[in-house]
Amino acid sequence: MKIVVCIKQVPDTKGGVKFNPDGTLDRGAMLAIMNPDDKAGLEAALRLKDECGAEVTVVTMGLPKAEEVLREAMAMGADKGILVTDRVLGGADTWATSTTVAGAIRNLEYDLIITGRQAIDGDTAQVGPQISEHLDIPVISYAQNIKVEGDSVIVERQYEDRYHVVKAKMPCLITALSELNEPRYMTPGGIFDAYQKEITVWGRADLKDVDDSNIGLKGSPTKIAKASDKVRKGAGEKVTLDPDESVSYIVDKLKEKHVI
């Protein structure tokens, strides 16, 4: 069984975010981590590897520094890491990103593709399902439990206050929730082994069945009108009133704001 896991290096928002003049994130200037939903998807793949001997290949698209999350994934137990990086791929929205990642995956053999539900730097939840459309395979999103049975995968799909049990024949794509599991830690031996392995690096020329009009910033139909860091709130209005006056004051303010 061959599993491809798509992961993304995302900004560590605890350290703040920075933007380029065109409104895109300045990823090179920020601390970065593996996207939490993607890490849960990786853990799911590694558990399937433990159970049935699957081969796990991890794919990421990003700057050269994104190699860090591939090393982390291999230190956790992934077998291979592929970095898709090229200047012409920069500034991609979800459409251009999914087109690029699908173009890379077409070079691989796979039974199952696992992505995170969404990335914390975009929160669109679009890339996983879009990859499945590009590859013309079924998708099961919002997975909270995954098991393999023969040539099929059975998934508990989270749905509001309940879950659906969905079965699909492989190959198919699953998007994982961060609540799916508790990802394992890297081991000292795993870290050592990860840095002994070679990362495969692919560029634009390695993408299969991809048109230049659908990649990078120029191939992104989504345009950013404005981007900013957290909006600072003002000090607000301070008043000193007795209890009765306070009640009247608050009620008047709520009416003024059309809350009541």
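Strands β1 and β4 run parallel to each other and are joined by 5 bridges; two strands count as paired if DSSP finds at least two bridges between them. Helices (H or I, at least four residues) and strands (E, at least two) are DSSP runs, numbered from the N terminus. The model is a predicted one, so local features need pLDDT of at least 70 and side-chain atom pairs count only at pLDDT 80 or more, while totals for chains, interfaces and linings use all residues. Residues are numbered from 1 along each chain as its sequence is written, and side-chain values use heavy atoms, with hydrogens and water left out.

Back to β1. Buried here means under 20% relative accessible area, exposed means over 50%, and partly exposed is in between (1.4 Å probe, protein chains only).

These pairings belong to an open sheet of 9 strands with mixed pairing, in the order β9-β8-β7-β10-β6-β1-β4-β5-β11. The edges are taken by β9 (162-169) and β11 (200-202); each has a single partner strand, so one side of each has no neighbour in the sheet. From one strand to the next, the twist averages 30°. Angles run from 0 to 180 degrees between N-to-C directions, and axes are lines fitted to C-alpha atoms, for helices over the stretch in contact.

Helix α2 (residues 67-76) packs on this sheet, where it touches β4 (55-61) and β5 (80-84), and its direction makes about 165° with that of β5. Contact means heavy atoms within 4.5 Å.

Further along the sheet, β7 and β10 run parallel and are joined by 3 bridges. Val139 stands opposite Leu173 of β10, and Ile140 has Ile174 of β10 as its bridge partner. With β8 (residues 152-159), on the other hand, β7 pairs in the antiparallel sense, over 6 bridges. One of the bridges links Glu149 to Ser152 in β8. The hairpin of β7 and β8 has 2 residues between the strands, and Gly150 takes a positive phi near 65° there. The loop between β9 and β10 holds Pro171, and the peptide bond from Met170 to Pro171 is cis, with omega near 10°.

Helix α4 lies across β1, β6, β7 and β10, and runs at about 175° to β10. Which residues of α4 (residues 127-135) are buried? They are Gly128, Gln130, Ile131, Ser132 and Leu135. Their cover includes β1 (2-6), α3 (94-105), β6 (112-116), β7 (139-149) and β10 (172-176). Ser132 counts as buried because its relative accessibility is 1%. Setting aside neighbours within four places in sequence, Ser132 is in contact with Ile137, Pro138, Val139 and Leu173. Just after α4, Asp136 has a positive phi of about 60°.

Positive phi values turn up elsewhere too. Asp209, in the loop between β11 and α6 (243-256), has a phi near 60°, a positive value in a residue other than glycine. With 63% relative accessibility, Asp209 counts as exposed. His258 lies in the segment after α6 and has a positive phi of about 60°, although it is not a glycine. This histidine, His258, is exposed, with a relative accessible area of 71%.

As for the chain as a whole, it has 6 helices and 11 strands, and its C-alpha atoms fill a box of roughly 70 × 45 × 40 Å, taken along the principal axes. Buried residues make up 40% of the 260 residues. Among contacts between residues at least 6 apart in sequence, 70% join residues at least 24 apart. The accessible surface comes to about 14,900 Å², and 51% of that belongs to carbon and sulfur atoms; accessible areas come from the Shrake-Rupley method with a 1.4 Å probe, and for residues only the protein chains shown count as cover. There are 33 positive and 41 negative side chains, and the centres of the two sets lie 2 Å apart. In that count, Lys and Arg are positive and Asp and Glu negative, with His and the chain ends not counted, and each charge is placed at NZ of Lys, CZ of Arg, CG of Asp or CD of Glu.
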